Amino acid sequence: MSQPLPSRPLAAKRILVTRARQQASALAEELETLGANVIRIPAIEIKPLASYDCLDAALHRVAEYDWLVFTSANAVAVFAAHMTALQVEPSKNLRVAAIGPATAEALRAFGFADVLTPEEAVAEALAEVLREDVRGKRILLVRAKIARDVLPDALRNYGATVDIADAYENVMPAESVEAIKTVFNYPGQQPHAITFTSSSTAQNFFALLAEARIDSLPRETVLASIGPITSATLLELGYSATVEAEEASVAGLVRALVRALSGK
């Protein structure tokens with residue numbers, strides 16, 4: 001009979017969270033509840049755009065769209081704020097899709113009760129669940145300024161007309177370089193694990209390491225990926241994910257970390 005996990009399976013483990021400050025709390029709090037010592041060094045910073053003319057123009061034409069599609073809760077927040085400011089009302093026939101549960105929850109909080117969401121929170125899966133319902137339809141895709149084109153390309157291949165409205169941009173926080181130096185130049189402070197919740201966090205984290213002149217990570221450092229796209233990005237950067245969440249969510253990532261670290 002297997003022994004139950006201790007109530008604080010991550011006790012004394014130092015885990016570096018690379019999410020943006022606006023997003024880090026949920027992951028950090030779950031890890032701390034399980035005993036982890038969380039090190040918060042954001043690899044991305046979510047910044048507003050210099051101009052929202054494109055998004056606002058799309059909102060003024062929102063009645064022309066059949067679908068609204070969102071790839072992050074951040075995109076929902078910006079969309080909701082602009083829709084409210086412009087006093088725009090979506091049509092009752094407008095359908096809404098979200099890439100994952102957190103994005104769907106943000107949409108429901110704004111008032112969209114029926115949100116289509118794929119089982120796996122990746123662009124490829126979202127495109128697949130939309131496949132049969134978008135031919136001849138107009139779609140407004142709201143997303144980050146720089147993003148993979150997998151989703152819009154697939155939807156266009158399925159016969160949809162896709163307009164893209166950028167809602168924010170991800171940038172690399174300059175102040176994180178000094179924080180990384182402080183952590184990685186002292187063996188007693190180096191993390192046992194580093195979490196990556198998107199390709200952007202992985203790309204920016206290793207760019208920050210390079211700026212901090214940290215040549216490599218300790219071999220035993222656990223690299224925890226939220227899903228296959230992020231794992232693929234790590235591989236492109238020359239690193240293999242030590243563990244990957246079975247479900248692309250904060251809860252799934254936490255479970256993956258417990259599996260990787262509780263026996264060490």
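Contact is taken as heavy atoms within 4.5 Å. The model is predicted: local features need pLDDT of at least 70, side-chain atom pairs count only at pLDDT 80 or more, and totals for chains, interfaces and linings use all residues. Residues are numbered from 1 along each chain as its sequence is written, and side-chain values use heavy atoms, leaving out hydrogens and water.

Helices (H or I, at least four residues) and strands (E, at least two) are DSSP runs, numbered from the N terminus. In H2 (residues 53–60), Leu 55, Asp 56, Leu 59 and His 60 meet Val 78, Phe 79, His 82, Met 83 and Leu 86 of H3. By class, this contact has six nonpolar, two polar and one charged residues (nonpolar: Ala, Val, Leu, Ile, Met, Phe, Trp, Tyr, Cys and Pro; charged: Asp, Glu, Lys and Arg; polar: the others, Gly among them). H3 spans residues 73–86, and the two helices pack at about 60° with axes 10 Å apart. Axes are lines fitted to C-alpha atoms, for helices over the stretch in contact; angles run from 0 to 180 degrees between N-to-C directions. H2 and H3 are therefore oblique to each other (under 35 degrees is roughly parallel, over 145 roughly antiparallel, 65 to 115 roughly perpendicular, the rest oblique).

Five strands form an open sheet with parallel pairing, in the order E2-E1-E9-E10-E11. Pairing requires at least two DSSP bridges between two strands. E2 (37–40) and E11 (243–244) are the edge strands, each pairing on one side only. E9 (residues 193–196) and E10 (residues 222–225) run parallel, joined by four bridges. Phe 196 stands opposite Ser 225 in E10. Helix H8 (residues 199–211) lies across E1 (14–17) and E9, at about 130° to E9.
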